[in-house]
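Colleague: I would like to learn how to read aromatic pairs and charges over rings. Can we work through one example together?

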Amino acid sequence: MRKSRVNSITYGALFCALVGVLVYINRLLANGLELYFFWIIPIPVIIYIVKFDVKQAIIMNVAMLLMTMIIAGPISTGSFYVLGSVIAGTVYGAGLIRQKSATYLIVSVVVVSLIMMFVSYFIFAGFFGYNLMAEMDFMQETMAVLIEKIARGDASVSSALLAMFDNNALLSIIIISSVLSSILEGFLVHSIAYIVLRRLKMTIPPMKPVSEMYAPLWLKIVVLAGLIGNMLMNQFTNIAQYKNIIFPITVIAYIVCFMFGYILISTLFAIRVPDPKKRAGFAVIVLLLSLVLSVFVIGIGIFDIFTPFRKTLIEELKKYVKQNGQD
């Protein structure tokens, strides 16, 4: 018991020192690293929770936060990002030792990231040096320059394209990009935690192969709502007034369809090309072709989301491999 307590204090002091060095370097670089805190700091918190316990991790988290306040100041952006990072690591680690699913672990990190982004972008934007209106004005000016080059002097085309990217549309784009950024952060923290914990031979989070990721019912409803809303908006002028609501859902639906379309195409290539070395090269080629033929990939994604084709294919492949292994 005493040895375990000494080890917990030693590990806690080590992790606090590492965070202190990171915060100090961030201060020397004029807060240039604090946006990456959310990718780095949760990892030692997760390791500590897996090795010891959540209760002891809370003490370490408080020590990290106090050290950050001493180095960066009690009211600073660095303290805010460290606070959010240790909360994300604690929630993830608590879910991991309770053997929660990979979806739960990723969503827990995404929710914390979304809350942090909402606070820093909308509630205390001035404190974080973020001006939403200035950002939208810059985006509108950039879009105007690009549209002018695309329209090539055609005033009607230029005005029609500019009308599509008004302030409400740009705000929707910012919100969508923020949500997608949080989702990517959730997957990134989950992947880094898996790699680090596996190298340390500790309890690793469950990892499901990408080829076995299927769209849940709620995601199918979102995609269907986005696709139907887009068709109605193009067909009926009285629906167009709800563009600010339909547009974000439609964009999310297209992104989701593209993702599942790429997964289906990659799965088919992986089945045809069993060699891992050749498969990596094909994955890059498929990605480049998918970006060029995005409309085609979105169509494949719609097919994959609303049909059990890939699930049936993988289950039959597993049965075939199992039978051959038994034979």
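The dialogue below takes ring pairs, then charges over rings.

Modeller: First, the ground rules. This is a predicted model, where local features need pLDDT of at least 70, side-chain atom pairs count only at pLDDT 80 or more, and totals for chains, interfaces and linings use all residues. Residues are numbered from 1 along each chain as its sequence is written, and side-chain values use heavy atoms, with hydrogens and water left out.

Colleague: How many aromatic pairs does the structure hold?

Modeller: A pair of aromatic rings is described by the distance of the centres and the angle of the planes. Rings of Phe, Tyr and Trp (its six-membered ring) pair if their centres lie within 6.5 Å; planes under 30 degrees apart are stacked, over 60 edge-to-face, the rest tilted. The structure holds seven such pairs. In one of them, Phe15 and Tyr48 have ring centres 6.4 Å apart and planes at 75°, so the pair is edge-to-face.

Colleague: Are Phe15 and Tyr48 buried or exposed?

Modeller: Buried means under 20% relative accessible area, exposed over 50%, partly exposed in between (1.4 Å probe, protein chains only). Phe15 is buried at 9%. Tyr48 is buried at 4%. The rings of Tyr48 and Phe52 have centres 4.9 Å apart and planes at 45°, so that pair is tilted. Ring pairs link Tyr11, Phe15, Tyr48 and Phe52 into a cluster.

Colleague: Which Lys lies over the face of Tyr104?

Modeller: A charge sits over a ring if NZ of Lys or CZ of Arg is within 6 Å of the ring centre and within 35 degrees of the ring normal. Lys100 lies over Tyr104, at 5.4 Å from the ring centre. Lys311 lies over the face of Tyr214, at 5.9 Å.
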